[in-house]
Amino acid sequence: MNRFTDKIALVTGASRGIGRAIAIRMASEGAHVVVNYARDVDGANSVVADIEAAGGSASVYQADVSDLDAATTMIKAVTKEHGKLDVLVNNAGTTRDQLILKMSEDDWDTVMRINLKGVFNCSKPAVRAMMRKRYGRIINITSVSGVLGNAGQTNYSASKAGVIGFTRALAREVAARSITVNAIAPGFIPTKLTGEMPEDLRDATLAMIPLSRWGDPEEIANAVAFLASDEAAYITGQTLNVDGGMAIG
Ligand SMILES: NC(=O)c1ccc[n+]([C@@H]2O[C@H](COP(=O)([O-])OP(=O)(O)OC[C@H]3O[C@@H](n4cnc5c(N)ncnc54)[C@H](OP(=O)(O)O)[C@@H]3O)[C@@H](O)[C@H]2O)c1
């Protein structure tokens, strides 16, 4: 399939993990992908190298998405260079897990700044560019923790639930310009973010997953590619759980 020929896609936090898989998938279907990162320059460069080695097209852009000026400058630079931005994937995220009595104000603020404000910071300039073209796809990576809540993650769960509300509200705002806004809520995907788990916690988590296995980053990328494609043109404001059934209601 080559669903993204001539499309420009920006994936935030694409230097490793889920963002890396999304960038590679979008490029494999013809998009030029801008690989955003904040600190992991080697990771970001290796994603671009992998895409180019497979015959795709990509570039890197360093910006901390929690900084509105940096995010705006990034989107303006991308639209200036390529003339447009078709797809924004707000994937950058972090955790500072702690039970509430031990959670510091900094743990709270850092997670909200990157996971929630970062989505606002990138979406605002992206919407400006997409409105001009009367076309756009915004896909926000939230989490099963934002759907179900997770003990030890009040900050993370609140930020990800906020992303779901943001997705619904923005979808209504921009629908008239043929811009869709959707979210994907991954379950448990082994990456640097989830780290090494003690065996007992690992077994307890697996027991919560009806499909009885972890997910792969590529399975999140499959869902992103679908929502970014023309096949999903009539879907907006939705959150798609890709979690092995963890959040079945
Ligand atoms: N893994 C899971 O089980 C899981 C489940 C549900 C949801 N998610 C969500 O999926 C997304 C990706 O997670 P992951 O598991 O792939 O994590 P990861 O391996 O730790 O990757 C996180 C990415 O975000 C980037 N990043 C962090 N802070 C940033 C900032 N301020 N500005 C720009 N980039 C930033 C990192 O790059 P730098 O190091 O360069 O900053 C990195 O590329 C996150 O939103 C996460 O909450 C993950």
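In which loop is the place of Arg134? Arg134 sits in the loop between α4 (105–133) and β5 (136–141), where helices (H or I, at least four residues) and strands (E, at least two) are DSSP runs numbered from the N terminus. The structure is a predicted model, in which local features need pLDDT of at least 70, side-chain atom pairs count only at pLDDT 80 or more, and totals for chains, interfaces and linings use all residues. Residues are numbered from 1 along each chain as its sequence is written.

Although Arg134 is not a glycine, its phi is positive, at about 55 degrees. Arg134 has 10 other C-beta atoms within 10 Å and is therefore exposed; the cut-offs are 12 or fewer such atoms for exposed, 20 or more for buried, and partly exposed in between, with C-beta atoms placed from the backbone. A positive phi, about 60 degrees, is also found at Ser178, again not a glycine. Ser178 belongs to the loop between α6 (154–174) and β6 (179–186). Because Ser178 has 15 C-beta neighbours inside 10 Å, it counts as partly exposed.

Turning to the ligand, 30 residues lie around it, and Gly13, Gly17, Ala38, Gly93 and Leu193 come nearest. A residue is near a molecule or strand if its C-beta atom, placed from the backbone, lies within 6 Å of it. Two elements, α1 (17–28) and β2 (32–37), each give two or more residues to this shell. The largest share, 3 residues, comes from α1. By class, the shell holds 12 nonpolar residues (Ala, Val, Leu, Ile, Met, Phe, Trp, Tyr, Cys and Pro), 5 charged residues (Asp, Glu, Lys and Arg) and 13 polar residues (the others, Gly among them).
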